[in-house]
Amino acid sequence: MFHLPLQKRMVSRGQWLSVLICVVLLLKAEGVPVGITFVENAVAKGAVCLDGSAPAYHFHKGSGAGINNWIVHFEGGGWCNNVTSCLSRRDTRLGSSKKMDTQLSFSGFFSNSKKFNQDFYDWNRIKVRYCDGSSFTGDVEAVDPRTNLHFRGARVFAAVVEDLLAKGMKNAQNAIISGCSAGGLAAILNCDRFKALLPRTTKVKCLADAGYFINVKDVSGAQRIEEFYSQVVQTHGSAKNLPSSCTSRLKPGLCFFPQNVVSQISTPIFFVNAAYDSWQIKNILAPGAADPHGQWRECKLDIKNCSPNQLSVMQVFRTDFLRAFGAVGNSPSKGHFIDGCYAHCQTGTQETWLRNDSPVLGNTTIARAVGDWFYDRRAFHQIDCAYPCNPTCHNRIFDQNALPDV
């Protein structure tokens, strides 16, 4: 039998131990799996997904000093603007809780590790699944039996919050409503509503990640996103659930754009957004319908592939974004971290939330900026310089076989 010398065996064991520690740390950083909860009693209230199934969320309980602190995060996933597009979602995870993964990984803003989530690791953390296609704003009573489509996003929002209140959120000392993408828009549109549903003694703030969608023309000159949002609001009957401070003066579809509602939000709110938001570049600025010859395809997959002319167009988009974002203002209660990255949704992944190489503005990570703002340690209003000036960016690179534009 072959035997390693004792010294070599000790070295090997030491190396394996180091590898094991690295693997454990990596797994902890990558997140903890959290099971799904179905809100079955919501069905009787008509608070259901597109297909009529019960809404759902994933709940990781808090501990210690965080036991009465709550993060309620709304998932993203685009929108459906008519019966055809809603039917295409109905039998997927974006339209049915029957099709959802029963476990989700919690990392970044949702991590339970103090090392990776210093200010919120011991809070109750909830991810609400998205299955209505309206950023939780829809409410149409009638259901066409030919399609069995239910447009009930606003009811889902209310039912989930009611369920969480019964599970302890009624005792909340601190609470944050947050969301990513279409969920980030939901956090904006429902910010004051969420505060109104919680006890008056609760400190409530809102966090919108990649939810600041802007009203601009696409590369063909069409005002496509404005028409699309108008159709979403019409299809889902969302107008009555949008801020009345906006719908009283503008067409309801325009009240889906944060730039038209943020000035009237009274609850403190923080915005995390990339000035070159990759979803908006792909779907608002250069959607497939505006680029029939695919000239933008490689650019949208990787910003390093963009031609000088395409980069110039994207710089104009940044200018338009910052102009629209000006509606937020610089009130201490409204914070923002606007980086110059090609990215989308940066709070829920460890690499962009808090890691040694995470994006920074003013030498501050997103995690620190949000924590400082929430706990009133300092105000935070930072807008990055233009691409490609920030070397800490984690610019998105999409697979060649990425899903087509939605």
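Helices and strands are DSSP runs, numbered from the N terminus; a helix here has at least four residues. The model is predicted.

**Exercise 1. Helix α3**

Task: State what follows helix α3, how the length of α3 compares with the expected span, and which elements its buried residues pack against.

Solution. 
1. Begin at the end of the helix. α3 is followed by Gly168, which has a positive phi, near 125 degrees.
2. Take the length next. Residues 153-166 make up α3, 14 residues in total. From the first C-alpha to the last, α3 reaches 20 Å, close to the 20 Å expected at 1.5 Å a residue.
3. Sort the residues by burial, for which the cut-off is under 20% relative accessible area. Eleven of the 14 residues of α3 are buried, and the helix is mostly covered. Among them are Arg155, Phe157, Asp163 and Leu164.
4. Find the neighbours. The buried residues of α3 pack against four strands, β2 (56-60), β3 (69-74), β5 (124-128) and β6 (174-180), and against helix α5 (191-197).

**Exercise 2. Aromatic pairs**

Task: Classify the pair Phe120 and Trp123, then the pair Phe213 and Trp279.

Solution. 
1. A pair of aromatic rings is described by the distance of the centres and the angle of the planes.
2. A search of the whole structure finds 31 aromatic pairs.
3. Apply the cut-off, under which planes over 60 degrees apart count as edge-to-face. The ring centres of Phe120 and Trp123 are 5.0 Å apart and the planes stand at 80 degrees, so this pair is edge-to-face. Both Phe120 and Trp123 are buried.
4. Locate the two residues. Phe213 lies in the loop between β7 and α6 (224-236), and Trp279 in helix α8 (residues 278-285). They are 66 residues apart, and the pair links distant parts of the chain.
5. Check burial. Phe213 has a relative accessible area of 0% and is buried; Trp279, at 16%, counts as buried.

**Exercise 3. Cluster and charges**

Task: Name the members of the aromatic cluster that includes Phe374, and say which charged end sits over the ring of Phe374.

Solution. 
1. List the cluster: Phe106, Phe109, Phe110, Phe120, Trp123, Trp353, Phe374 and Tyr375.
2. Identify the charge. The charged end of Lys203 sits over the ring of Phe374, 4.7 Å from the ring centre.
3. Note another case: Lys282 lies over the face of Phe398, with 3.8 Å to the ring centre.

Conventions. Residues numbered from 1 in each chain as written. Predicted model: local features only at pLDDT ≥ 70, side-chain atom pairs only at ≥ 80, totals over all residues. Heavy atoms only, no water. Helix = DSSP H or I, 4+ residues; strand = E, 2+ residues; numbered from the N terminus. Expected span 1.5 Å × (residues − 1). Buried < 20%, exposed > 50% of the residue type's maximum accessible area, 1.4 Å probe, protein only. Contact = heavy atoms within 4.5 Å. Phe/Tyr/Trp six-rings, centres within 6.5 Å; stacked < 30°, edge-to-face > 60°. Lys NZ or Arg CZ within 6 Å of the ring centre and 35° of its normal.
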